[in-house]
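Here are some comments for a colleague to read beside the coordinates. Please keep the sequence open while going through the points.

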Amino acid sequence: MLYPPRMSEVTNTTHDPFYFILTGIPGFEAFHLWISIPFFFLYTISIMGNTTILTIIHTEPSLHQPMYLFLSMLALTDLGLTLTTLPSVMQLLWFNIREISFEACFAQFFFLHGFSFMESSILLAMSFDRYVAICHPLHYASILTNEVIGRIGLTIVCRCVLAVLPSLFLLKRLPFCHSHLLSHSYCLHQDMIHLVCADIRVNSWYGFALVLLIIVLDPLLIILSYALILKSILNTATWTERLRALNNCVSHMLAVLVLYVPMVGLSMTHRFAKHASPLVHVLMANIYLLAPPVMNPIIYSAKNKQIRQGIIRLLLQRKAH
């Protein structure tokens with residue numbers, strides 16, 4: 001359900017076909033400056049946390065291994081997701097700048113959904129890495145070579161770009177002759193499609209196919225990989241070995257939950273809770289976009305010994321300088 005614009009906003013901007021109007025936190029517009037504090041704090045944690053992980057992996061030769069190369073891809077994706085939404089969110093909360101041009105909105109839509117799908121694809125690749133490491137440890141180095149990891153990374157980028165581009169072009173060709181007021185402080189496809197006053201059946205079917213291809217298929221393949229891992233672990237000799245193998249997967253399992261639980265929640269909210277309070281939609285969308293970039297560095301810093309040691313060494317080096 002879209003939050004209705006004030007009459008002054010309709011008069012000034014919604015008749016201009018070159019702009020969308022962003023919405024902050026419905027019902028709390030007077031407190032946007034205070035609300036910006038936790039948002040700024042979360043964005044700062046995301047940027048600093050993911051930059052730190054990238055720096056540690058780059059500077060530590062011992063971390064130039066498949067698992068950490070995939071982790072660096074995840075950190076890059078989280079940075080991209082953060083930097084995609086940061087400008088529009090913070091300028092709205094700080095300066096009440098609500099207009100965003102069509103070109104900027106479609107660019108944000110492309111990068112936002114592209115990085116989101118990329119995160120899902122990287123988590124799938126990381127589950128394959130864990131499967132090979134636990135089920136085929138003797139062949140790990142020969143299977144996941146740097147060349148293979150590079151090809152996997154390139155395939156992920158191509159997959160996500162080719163997945164998002166058609167939905168971008170399908171949406172861009174349609175007329176936006178209704179209100180141009182979006183219900184979020186950034187441009188989501190689920191939000192923009194409701195402002196179209198034309199037949200959107202092709203868009204809906206393509207969106208449904210995309211959901212099946214990525215949001216459904218990726219988690220199913222991850223579950224399959226963990227089923228095979230669990231089968232392999234249960235066949236190991238001792239409980240110590242089983243616990244060690246499971247501990248190697250904990251960080252990845254938490255990252256999977258942090259991405260897919262909010263993603264499924266947002267999708268369900270848009271499809272089945274259309275008449276819920278606008279505040280519910282806004283909160284779900286913000287959790288979906290902020291939880292993975294903020295939580296992933298914390299998860300891997302807390303659960304991974306090599307990353308913790310790298311952070312300590314990095315802090316000591318900076319203190320020494």
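**Notes on the predicted model**

1. F176 is buried, with a relative accessible area of 10%, where buried means under 20% relative accessible area, exposed means over 50% and partly exposed lies in between (1.4 Å probe, protein chains only). F20 also counts as buried, at 0% relative accessibility.

2. Before going further, please bear in mind that this is a predicted model, in which local features need pLDDT of at least 70 and side-chain atom pairs count only at pLDDT 80 or more, while totals for chains, interfaces and linings use all residues. Residues are numbered from 1 along each chain as its sequence is written, and side-chain values use heavy atoms, with hydrogens and water left out.

3. The count of aromatic pairs comes to 12, given that rings of Phe, Tyr and Trp (its six-membered ring) pair if their centres lie within 6.5 Å, with planes under 30 degrees apart counted as stacked, over 60 as edge-to-face and the rest as tilted. F20 and F176 make an edge-to-face pair, because their ring centres are 5.2 Å apart and their planes stand at 90°. F20 lies in strand 1 (residues 19–21) and F176 in the loop between helix 6 (146–172) and helix 7 (189–192), so this pair ties together parts that are 156 residues apart in sequence; helices (H or I, at least four residues) and strands (E, at least two) are DSSP runs, numbered from the N terminus.

4. The rings of F106 and F109 have their centres 6.4 Å apart and their planes at 80°, so this pair is edge-to-face as well. Both residues lie in helix 4 (residues 102–135), three residues apart, which is about one turn of the helix. F106 is buried, with a relative accessible area of 3%, and F109 counts as buried at 1%. F20, F102, F106, F109 and F176 form one aromatic cluster.

5. What lies over the face of F106? K172 does, at 5.6 Å from the ring centre, the rule being that NZ of Lys or CZ of Arg is within 6 Å of the ring centre and within 35 degrees of the ring normal.

6. Turning to helix packing, the axes of helix 2 (residues 32–59) and helix 11 (residues 305–320) come within 10 Å and cross at roughly 90°. That makes helix 2 roughly perpendicular to helix 11, a term that covers angles of 65 to 115 degrees. In this contact (heavy atoms within 4.5 Å), T52, I53, T55, I56 and I57 of helix 2 meet I307, G310, I311 and L314 of helix 11. The residues of the contact divide into six nonpolar, three polar and no charged, with Ala, Val, Leu, Ile, Met, Phe, Trp, Tyr, Cys and Pro counted as nonpolar, Asp, Glu, Lys and Arg as charged, and the others, Gly among them, as polar.

7. T84 lies in helix 3 and is buried, with a relative accessible area of 13%. Leaving aside residues up to four places away in sequence, T84 touches Q108, F111, L112 and F115.

8. Two loop residues deserve a look. N96, in the loop between helix 3 (66–95) and strand 2 (99–101), has a phi near 55°, a positive value in a residue other than glycine, and counts as partly exposed at 49% relative accessibility. H275, in the loop between helix 9 (239–272) and helix 10 (278–303), counts as exposed at 76%, and its C-alpha atom is separated by 25 Å from that of L92, 183 residues apart along the chain.

Key. Axes are lines fitted to C-alpha atoms, for helices over the stretch in contact, and angles run from 0 to 180 degrees between N-to-C directions. Angles under 35 degrees count as roughly parallel, over 145 as roughly antiparallel, 65 to 115 as roughly perpendicular and the rest as oblique.
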